[in-house]
Amino acid sequence: MHEGASVGTWGLCQRLLVFVVSETSYQPVACRFYDEWGLRMMRGTVCPLVVVGEDGCIERKAKIEDLYTEENAGYARLDDGTRHRLDRIVRVDNVKRPAE
């Protein structure tokens, strides 16, 4: 487990990792979780994010510069130019993705 991540977050991350490896279609995210990203983007806040990918879960700090849709999937573009699919973001600040 990475430093600063709660056990619950990493449990969700592990469940999503299985999903990510086996599923490529975009899964819409809860509106209230999307709203959390929007608030941080508008405020220009550097925030910790936990993201799941094929290689596992990573925790990083970044500003969310843009939220957009491309090819029927939602994305967050970060201040370093990287982008992450919204259904792969497990936590932003202390707000965990709602259970599915």
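Figure 1. Tyr68 counts as partly exposed at 22% relative accessibility, a class that lies between buried (under 20% relative accessible area) and exposed (over 50%), computed with a 1.4 Å probe on protein chains only. Tyr75 has a relative accessible area of 12% and is buried. This is a predicted model, in which local features need pLDDT of at least 70 and side-chain atom pairs count only at pLDDT 80 or more, whereas totals for chains, interfaces and linings use all residues. Residues are numbered from 1 along each chain as its sequence is written, and side-chain values use heavy atoms, with hydrogens and water left out.

**Figure 2. Aromatic pairs and the Tyr34–Trp37 contact.** Three aromatic pairs are present in the structure. The ring centres of Tyr34 and Trp37 are 6.0 Å apart and the planes meet at 75°, so this pair is edge-to-face. Rings of Phe, Tyr and Trp (its six-membered ring) pair if their centres lie within 6.5 Å; planes under 30 degrees apart count as stacked, over 60 as edge-to-face and the rest as tilted. Trp37 is buried, at a relative accessible area of 0%, while Tyr34 is partly exposed at 35%. The pair of Tyr68 and Tyr75 is stacked, with 5.7 Å from centre to centre and 20° between the planes.

**Figure 3. Cluster of Phe33, Tyr34 and Trp37.** Phe33, Tyr34 and Trp37 are linked into a cluster by ring pairs.

**Figure 4. Arg83 over Tyr75.** Arg83 lies over the face of Tyr75, 4.1 Å from the ring centre; the criterion is NZ of Lys or CZ of Arg within 6 Å of the ring centre and within 35 degrees of the ring normal.
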